[in-house]
Amino acid sequence: MSTSMRVMELVRFGAADTAFAAREVPRPAPGPGQVLVRVLATSVNPLDLQTRRGDYRDQVALPAVIGNDVSGVVVETGPGAGDFQPGDEVWYLAPVFAGQGTYAEFHVVDQALVARKPARLSHVEAAGLALVGVTAWEALVERAGVRAGERVLVHGGAGGVGSAAVQVASALGAEVVTTARARDHEFVTGLGADHAIDFSAGDYVPRVRALGGVDVVLDTVGGDTLTRSPEVLADRGRVVSIVDIPEPQNLLAAWGVNATYHFLFVSPGRAKLAALGELVEQGRLRPVIGAVLPLADIARAHALLGGGSAGGGGEGGEGGGGREGYEGRGRPRGKIAIAVHPVD
C-alpha cells in the first residue's frame, strides 16, 4: 500500500472556488486504540461551509483537511484496537475541529467512535447520515428526552438535520409537526411528519397553537425561533437549538412556561450510531442524498450546498452550530455526498 494519500486541503478562507487544493500527503498510521479507515465516502455539511468561509478560523489552522462524515473499510488497526479487523465496513462521525478531517482517502480515528455500517446502507448513504443523524438523535433523545405521545416541532424538516429529526421523532412515537415550504410537504410527510406548515405563507405560531402546542421544539433555522418558542410550548416544554446565536435573544417568556433550553454542539459516539443503525435496519430511518460528487469536485459540492456559485453565498450551518437553512436557494434536497474511492 502506498505511504501517501490524496486529500483536498483547505488552503485559504473564503470563496469555494479558491479555497481548496488537491495535495498528496503522508498516509496516517493508527496509534493505540485507533483504526485506519479507507474512506469510501464522506459528505459536505453546512458546518464545513462555515469553516471554509472562516467563521471558525481561531480553531482551524491552515492548511487543513476538513470534513467529519466517514463510511469506509478498516485497513489497519493500532495497538489495543481489537474491536475491528481489516476489511470491516464501518461508519462514523469524526470529532469536530480535532485532527485531520475526512476530505481524504484515509482517516485515523479512535475505535470507540466507530460503528459497523448498517447493511441496508451503501457507503454513500451512510456518509450522508452520520453527522445529521447523530445530531438529531442527540437533540431529541439525549437532550429533549422525547417520549411516545409527545408532540414535537421540527423547524426546517426538509433540511439535513431536519429530515433526520422528523424520522427519529416519528420512530420515538411522537406526533411530528414540521415547517417546510409547500413544495416540500409531500416529502416531509413521507418521512413521518404528521403536520407540515408552510412557514413562507404566514406566521407559523397560530397554526402550531391550533394543534394544541408542542412539548419539544428543535431549532435548525435560527432567526427569532428561540424567542418565539415559548408561544407554542406546553408547560415544562423543551427547546433544543443547533444554531449559532449572533445576536442577544429575549427569552423572558420562557419563564412563563417553565421551559428548558438546550444548545447543542454535536459530539460523536458509537452508541448513537448503533441506535441509528437499528432504526435503519428496521426501515424507520433513511438518508436523503441530493447529489453525489467526486472528491476532486469539493468546491462544487460546497457551491451546491450553499445554493449558489462556487464563489459562495447564502450559506448556513448545522449540527455543530450555525444555521441549517435548507429552504430555497436552489440547492438539492438532502445531503451532498462525496465519493472518495469508487463505491457501491
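Which residues of strand β8 (residues 151–154) point one way, and which the other way? In this predicted model, Arg151 and Leu153 of β8 point one way, whereas Val152 and Val154 point the other way. All of these residues are buried. In a regular strand, side chains alternate between the two faces of the sheet.

Strand β8 belongs to an open sheet of 6 strands, in which the order is β10-β9-β8-β11-β12-β13 and the pairing is parallel. The edges of this sheet are formed by β10 (195–197) and β13 (260–263), each of which pairs on one side only. From one strand to the next, the twist averages 15°. Strands of a sheet pair through backbone hydrogen bonds, and the pairing may be parallel or antiparallel. Between β8 and β9, which run parallel, there are 4 bridges. Within this pairing, leucine 153 has valine 177 of β9 as its bridge partner. Strand β9 (residues 175–179) also pairs with β10 in the parallel sense, over 3 bridges. Here the bridge partner of valine 177 is histidine 195 in β10.

Glutamine 167 is placed in helix α4 (residues 160–171). The relative accessibility of glutamine 167 is 5%, so this residue counts as buried, the limit being under 20%. When neighbours within four places in sequence are left aside, the contacts of glutamine 167 are Leu191, Arg284, Leu285 and Arg286. Leucine 172 lies in the loop between α4 and β9. With a relative accessible area of 24%, leucine 172 is partly exposed. Residues up to four places away in sequence not being counted, leucine 172 touches Leu140, Val141, Val146, Arg147 and Ala148. The C-alpha atom of leucine 172 is separated by 10.0 Å from that of glycine 145, a residue 27 residues apart from it along the chain.

Two helix pairs were also described. Helix α3 (residues 123–143) packs with helix α9 (residues 270–281) at an angle of about 100°, and their axes are 9 Å apart. Because angles of 65 to 115 degrees count as roughly perpendicular, α3 and α9 are assigned to that class. On the α3 side the contact involves Leu129, Gly133, Val134, Trp137, Glu138 and Glu142, which meet Lys272, Leu273, Ala275, Leu276, Leu279 and Val280 in α9. By class, the residues of this contact comprise 8 nonpolar, 1 polar and 3 charged.

In the second pair, helix α2 (residues 46–53) and helix α10 (residues 298–306) have axes that come within 10 Å and cross at roughly 110°. The two helices are therefore roughly perpendicular to each other. The crossing in which α2 passes α10 is left-handed. Pro46, Asp48, Leu49 and Arg52 of α2 make this contact with His302, Leu305 and Gly306 of α10. The contact divides into 3 nonpolar, 2 polar and 2 charged residues.

Helix α2 is mostly covered, with 7 of its 8 residues buried. These buried residues are Pro46, Leu47, Asp48, Leu49, Gln50, Thr51 and Arg52. The elements that cover them include β1 (4–10), α1 (16–19), β2 (20–26), β3 (34–44) and α10. Helix α2 is followed by glycine 54, which has a positive phi near 110°.

Some backbone values were also noted. Most residues other than glycine have a negative phi, and most peptide bonds are trans. The peptide bond from leucine 62 to proline 63 is cis, its omega being near -10°. Proline 63 is located in the loop between α2 and β4 (69–77). Arginine 236, a residue other than glycine, has a positive phi near 65°. Arginine 236 lies in strand β12 (residues 233–241) and is exposed, with a relative accessible area of 59%. Asparagine 258, likewise a residue other than glycine, has a positive phi near 55°. The loop between α8 (253–256) and β13 holds asparagine 258, which counts as partly exposed at 39% relative accessibility.

How values were computed
Residues numbered from 1 in each chain as written. Predicted model: local features only at pLDDT ≥ 70, side-chain atom pairs only at ≥ 80, totals over all residues. Heavy atoms only, no water. Pairing = 2+ DSSP bridges. Axes fitted to C-alpha atoms, helices over the stretch in contact; angles between N-to-C directions. Parallel < 35°, antiparallel > 145°, perpendicular 65-115°, else oblique. Left-handed = near helix turned anticlockwise from the far one by under 90°. Contact = heavy atoms within 4.5 Å. Nonpolar A, V, L, I, M, F, W, Y, C, P; charged D, E, K, R; others polar. Buried < 20%, exposed > 50% of the residue type's maximum accessible area, 1.4 Å probe, protein only.
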